[in-house]
Structure formats: C-alpha cells, structure tokens
Amino acid sequence: MDRRTFLGSLAGLGAAGIGEAATKPNVLFLAVDDMNDWVGCLGGYPGVKTPNIDRLAQRGVLFRNAHCASPLCNPSRTALLTGRRADTTGVYNNDQFWRPVHPDYVTLPMHFKANGYHVAGAGKIFHHTAGANPPDQWDEFQLQQFDDPWWRRPEWYPWVKKEPNPPGHPFNGIQNFQGEFDWGVLPGRKDEDYGDWHAVRFAGDFLKRKQTKPFFLAIGLWHPHIPMFAPQRFFDMYPDPRLPEVPETDLDDLPPMAQKFAAARRNEHERILKEGKWRDAVRAYLAAISFADFMVGKILDDLDRSPHAKNTVIVLWSDNGWHLGEKQHWHKSTLWERASHVPLIFAGPGTKATGTPRTQTVSLLDIYPTLCELCQLPVRPELEGESLAPLLRDPKAKHKPAVITFNPGNHAVRTERWRYIRYSDGTEELYDREADPNEYRNIAGQAQYDKLKADLRQYMPKTSVPAVPEREDYDFDFRTYTYKLKKKG
Ligand SMILES: [Ca+2]
C-alpha cells in the first residue's frame, strides 16, 4: 500500500473509527428571521443589545455589507438553499412551492447529505408554511413551533394544534389589526416556553450527542419576526426607543413601482401611527432582536461545551431586513437598504483575520458555495453565488456586487458606495450611500451618472423566468408530501 492509498483508507476509517479530527468540519447553520442591521456590530441602531452576535463577529468574520437575494422569506430562503436567484427559480413570493417545479434541484442540505454528512434541522430553515420543507431534505428535522398557535391556519401549519385566543389578546392593544402583527410579553411564559426554544433545545441535545459522521446542523429561529413576543426583561432594555427618521418628502422622487412597493400595507403604518404605537412597536422589535440574540448565545455556548467546538464552521444569517416606518413602510418587500441589509457572520475552520469586518458587498447566495469550499465538497456548477472563502482568508480580496431581486425583473445592485435600482418598466433609483446613507435623494435622473448606471446594470440578470404556480394552484397533501396541480378552468 503506498502512502496515498493508506491515507485514503484512513480518511475512510475516519467516520467509523478514528473520530471527528480525521473528517471534514461540521456546520452549524444558524438562521434568524427578519433581522435587519439593528445589531450591535452592524451599527444600524446604536444602543441595541446583541452581545452574543457581537462576540461571534469578534471570533469570526463579520460581513458588514451582506444582502439577501430577495427581500422576503420564501424567495430569499429558496435562493439561499437552492443556490439560485429568484429569476432562475421563479420563486418570487411567499405563496409558491419550489419543489414540484424543480424536483431535480440539489439544495444545500441535500448536497451535504449526498456527501456523507448527517443533516439535521429544527425551526424555520426553508419557508415555514407546509410544502416548502420536504422531509427528504433531512436525516432528522423538528418542525417549527409558534408563539401564537391561535393565529395559525391549519392548511398552512397542519402540525400546529390551534388554540383559542388567550386572555389579553391582542397583546399590543390594537384591535382588529393584521393577525400576526402583534407584540408584547406573553403572560406566565418562561424563556423555555417560547416557540423558538424548541429549536434551541434541539440544538443543545444534538450537540451533546456523539456523532459518527460530520454533521450539518441547521437551526432556524423565528425571532425577531412578528409576532414580536419576548420575556419582559428584553422590553426593559429599551425604556426610550428612538424612532426612525422619515422625512415627509422622502417618497416624492420615487418612480411609480417604488411608490407601489412602499405603499403595500400602508394601512398598517397609518394604523400604528393613529393608535400612537410606533414607539411601542420599535421597542418590541428591539426586544425581539435581543431575545433572538440571547438564544443565539445559548446555542453558541452549547457548541462551545460540546466535543465539536473546534471543528465546526458557524454561519449566522438573516433572510431579509425589516422596515419600521422608513419610507412609510413596514415589513420587507422593497429594494432599499432597510429590507436587504442583513447580518452575516462566518466563524470556525477556514476563517482568518478574524475580528476584522469585511466591507465588500456580498450576497446570501454566496453561502452555499462558501460552505462547499470550507467543507471540501464539490461546488455544484449551477450555483449562482460566489464563494466567500477568499474573503474569509483575506480582508482585501475582491468580490462581485450584490444583486437583490423583488418580483420578476426588479433589481437592485449594491456596491460599497452605490445602490442602483431598476424596475421592470425601466424606471430607476440611484443612491450615493456615502453622502446619503438613508437613501433619501434619488439621483438616477442626473446625466453625470449615466455611465455608472450602465456599468452597474451589467450585474443585473438579463432575463427573469415567469413566476411558478402558487399554493392555491395545487392540492398539497402534508402527510404524503405530494403536490398535485389542480386542473385549470
Ligand atoms: Ca423573513
């Protein structure tokens, strides 16, 4: 036996006999939901308390300028997990299924599974409604538990036992508001009674176990997504929250499609103002962020105490940002910074110059190829992101601008300085983020920027596939996880 064959058989033995040191690194894939840049290390809201995410950024590599591929849960997560842009998958909104249209797609967890990993997950990784998270993606998976089972429709969340509205509901005191958009402290609940704690506990139990293979462990926290429920002490951290600045004239220079996106759910903005609840809602978002951070800390502590601490790549990400009244808009689903800028941190094997934030613009699409490279898995040729491994080694490495897509043919290109938006009807916005970090002044109409816009346009996809069918177009059976397209007409 020559040396190479001998080493080869040793590597083969790794899984069965020698233990983790001889095998590939594990992955802890940690998602939070709707967390914008109001995170200590990102500076979006000075005074926010996120000590655990901040310490992860210190021990790893923080991407200060990371953007989702699409500013909404299902298209963002589908892009990240399939490695393809929304314009390629046709998944542009929250009511679409990727699986029946693309049964051949090899997603990130499937790729790890096919390459010898034990693949486990809990909570919200794929989109959270039934039909988005096929069980064959995982060796084991624990479904998401919600803080508000009284609101969850059985056809979307068939595993949830619906409950009647509890006393004191709605907890934000706004009667007949949008059902999920509630916030407050749930009476009588301890930390571990909140829905996300099921995923936290799953992570803790998993990490204690001895593993015979390298693992890919995906933990998806729902916080700070609405409803923004958290224990009282997280609300107490923010006695006097600041409101975002919203100039009255901010929308005046926007093209019609931008106006339309800003106006979606405008009634919620107006209702929050009318009820005098803006500051309360901001406080609840901050509380939900700090509660999410607390749970992230628990998972990181469990990893650090485990035998896997040294051989696990950690990646933390949020699927999209969140508006809290900026541009008179709430939620996500816009092409502005508020909806696209997200936390992204890598730590562990393969990272160097840790504690030094990277300022290059990057995309969540880049996570899939990065994890392949860090774990020495083949990089699938269809992936549309670009590995971040060079940036993880070298803070000065070059990287492509980030492209954000919302609905077919509407794109934003984000470089370190500029945000250029072009809608499907050819109308545009351009912001110089050095001079105008809140994106108040649309300068797309100034002739001096024509060359810049033409250069940035090169990064936008040239074509967009039509939207795939929606949930209501199918008969979906949760027990057998099968989709049957309904006959038209
Ligand atoms: Ca989301």
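Phe476 has Tyr483 of strand E20 as its bridge partner. The structure is a predicted model, in which local features need pLDDT of at least 70 and side-chain atom pairs count only at pLDDT 80 or more, while totals for chains, interfaces and linings use all residues. Residues are numbered from 1 along each chain as its sequence is written. Helices (H or I, at least four residues) and strands (E, at least two) are DSSP runs numbered from the N terminus, and two strands are said to pair if DSSP finds at least two bridges between them.

Strand E19 (residues 474–477) and strand E20 (residues 482–485) run antiparallel and are joined by 4 bridges. Together they form a hairpin with 4 residues between the strands, and in the turn Tyr481 has a positive phi of about 50 degrees.

Elsewhere, 7 strands form an open sheet of mixed pairing, in the order E2-E13-E9-E1-E7-E4-E5. Its edge strands, E2 (61–62) and E5 (140–142), each pair on one side only. Strand E9 (residues 312–318) is joined to strand E13 (residues 344–347) by 4 bridges, and the two run antiparallel; here Leu316 has Ile345 of E13 as its bridge partner. Two helices pack on this sheet. Helix H6 (residues 196–208) touches strand E4 (118–123), E5 and strand E7 (215–220), and its direction makes about 155 degrees with that of E4. Helix H12 (residues 367–374) touches strand E1 (26–32) and E9, at about 175 degrees to the direction of E9. These angles run from 0 to 180 degrees between N-to-C directions, with axes as lines fitted to C-alpha atoms, for helices over the stretch in contact.

Strand E1 pairs in the parallel sense with E9 over 7 bridges and runs parallel to E7, to which 5 bridges join it. Leu30 has Leu316 as its bridge partner in E9 and Ile219 in E7. Of the 7 residues of E1, 7 are buried, so the strand is largely enclosed by the rest of the structure. (A residue is buried if 20 or more other C-beta atoms, placed from the backbone, lie within 10 Å of its own, exposed if 12 or fewer, and partly exposed in between.) Asn26, Leu28, Leu30 and Val32 point one way from E1, and Val27, Phe29 and Ala31 the other way.

Leaving aside neighbours within four places in sequence, Ala287 is in contact with Met228, Ala230, Phe234, Phe235, Met237 and Tyr238, contact being C-beta atoms, placed from the backbone, within 7 Å.

Helix H8 (residues 256–263) has Met257, Ala258, Phe261 and Ala262 buried. They lie on the same side of H8 because they cover an arc of only 140 degrees around the axis, the arc being that of the directions from the helix axis to the C-beta atoms. The buried residues of H8 pack against strand E18 (428–432), whereas the face turned away from the buried side carries the exposed residues Pro256, Gln259 and Lys260. Just after H8, Arg265 takes a positive phi of about 60 degrees.
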